[in-house]
Amino acid sequence: MQIKLSSLGKRYNYEWIFRNLSFEFVSGKAYAVLGHNGSGKSTLLSIISGFQLPSEGSVSYALNGQNIPVEQVYRHLSMAAPYQDLLEEFTLLEMIQFHTRFKPLRGITPEQLPDLLQLQAAKHKLVRDFSSGMRQRLKLGLALYSDTPLLLLDEPTTNLDQAGVAWYLEHLEKNRQNRLVIIGSNVPHEYSFCDEQLPINEYHYKKTLRS
Ligand SMILES: Nc1ncnc2c1ncn2[C@@H]1O[C@H](COP(=O)(O)OP(=O)(O)OP(=O)(O)O)[C@@H](O)[C@H]1O
C-alpha cells in the first residue's frame, strides 16, 4: 500500500487545522504522526481512512501498483482509535466472529484470538462489561490481526497498563511485516520504533503564514 498526500489541508468552519501537507507513505514502514493535543493527528488519520474528506488537496492510494478509489480504501485497512465504537451487546467471541465476517484474520482462527488478547477468561463476557483496558486490547487485537495492508492506530496505548503496553509492542512487531503502519501519538513508548515521523505542527505554521 502506498499513500500520497498532496497539498492536503483541513479546516473546520473558519479554523485551518493543517495546510499544505505533502507526504508519501510506503508499505513495509511504520510512521508516527506526532503533535500535541488538538494538533490534528486524529483528523489526518480519519482523512487517510477515507472517513473524512480534506478541505483542499488530495490523497491517492495504490496497492500492488493499482490505484484504489477512496471509497474502496476501507476494504484494505484496519484501525483502532479511542473514538471507535465496539458492539456492546456482543460477547467477546461474538464480536470477533462478527468482525471477521468483514475482515478475515492473519493466519489465525477467530477462536484463537481471545488467547492472543490474553482475554481467554472473557470469551463469553459482554463487551459492555469490559474494563477500559480490555476494550483497548480488543480494538488493537482486531486491528493488528486483521489481514489488511494498511494499519492505522490512533493513541494505541490509551488505557493500557505496563503489561498492556508490552503486549501492544510485541503483537505490533509480529504483525507489521509488509504492511503500512501509521500511528497517531504523542507518547514515545508507542511510536519509538517507527521508521519515520510526521510532525503535524509543522503544517500549522504554514497555515499562519497564509491566513
Ligand atoms: N468535527 C469537528 N468539528 C470542529 N472542530 C473539530 C472537529 N473535529 C476536530 N476538531 C478540531 O480539530 C482540531 C484537531 O483535532 P484532532 O482530534 O484531530 O487532534 P489530535 O491531535 O488528534 O488531538 P488529541 O491528541 O487530543 O487526540 C482540534 O482543534 C479540534 O477541536
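Trainee: Which residue in E5 is the bridge partner of leucine 63?

Mentor: In this predicted model, leucine 63 has glutamine 66 of E5 as its bridge partner.

Trainee: And how many bridges join E4 to E5?

Mentor: Strand E4, which covers residues 56-63, is joined to E5 by three bridges, and the two strands run antiparallel.

Trainee: Which strands form the open sheet with them, and in what order?

Mentor: The open sheet is made of four strands in the order E2-E1-E4-E5, with antiparallel pairing. Strand E2 (15-26) and strand E5 (66-68) are the edge strands, and because each has a single partner strand, one side of each is left without a neighbour in the sheet. On average, neighbouring strands of this sheet are turned by 25° against each other, if direction is ignored.

Trainee: How many bridges join E1 to E2, and how many join E1 to E4?

Mentor: Eight bridges link E1 to E2 in the antiparallel sense, and six link E1 to E4, also running antiparallel. On the E2 side, glutamine 2 has valine 26 as its bridge partner, and leucine 5 stands opposite phenylalanine 23. On the E4 side, serine 6 is partnered by serine 58.

Trainee: What about the hairpin of E1 and E2, how many residues are between the strands?

Mentor: There are two residues between the strands of that hairpin, in which asparagine 13 takes a positive phi near 55°.

Trainee: Which strands does H1 lie across?

Mentor: Helix H1 lies across E1 (2-12), E2 and E4, and its direction makes an angle of about 125° with E1.

Trainee: Switching to the ligand, what does H1 give to the shell around it?

Mentor: Helix H1, residues 41-48, gives the most to that shell, with three residues. The residues around the ligand include Lys41, Ser42 and Thr43, and among the others are Tyr12, Ile17, Gly184 and Asn186.

Trainee: How many residues of the shell are polar, nonpolar or charged?

Mentor: By class, nine residues of the shell around the ligand are polar, two are nonpolar and one is charged.

Trainee: You listed Gly184, so which strand is it in, and which way does it point?

Mentor: Gly184 belongs to E8, where it points one way together with Leu180 and Ile182, while Val181, Ile183 and Ser185 point the other way, and all of these are buried. As background, side chains in a regular strand alternate between the two faces of the sheet. Strand E8 (residues 180-185) is mostly covered, with six of its six residues buried.

Trainee: Which strands pair with E8?

Mentor: Strand E3 (residues 30-34) pairs with E8 in the parallel sense over five bridges, and tyrosine 31 has isoleucine 182 as its partner there. Strand E7 (residues 150-154) is likewise joined to E8 by five bridges and runs parallel to it.

Trainee: What share of the residues is buried, and what share of the contacts joins residues 24 or more positions apart?

Mentor: Of the 211 residues, 35% count as buried. Among contacts with a separation of 6 or more, 73% are between residues 24 or more positions apart.

Terms used:
Residues numbered from 1 in each chain as written. Predicted model: local features only at pLDDT ≥ 70, side-chain atom pairs only at ≥ 80, totals over all residues. Near = placed C-beta within 6 Å. Nonpolar A, V, L, I, M, F, W, Y, C, P; charged D, E, K, R; others polar. Buried ≥ 20, exposed ≤ 12 C-beta atoms within 10 Å, placed from the backbone. Contact = placed C-beta atoms within 7 Å. Pairing = 2+ DSSP bridges. Axes fitted to C-alpha atoms, helices over the stretch in contact; angles between N-to-C directions.
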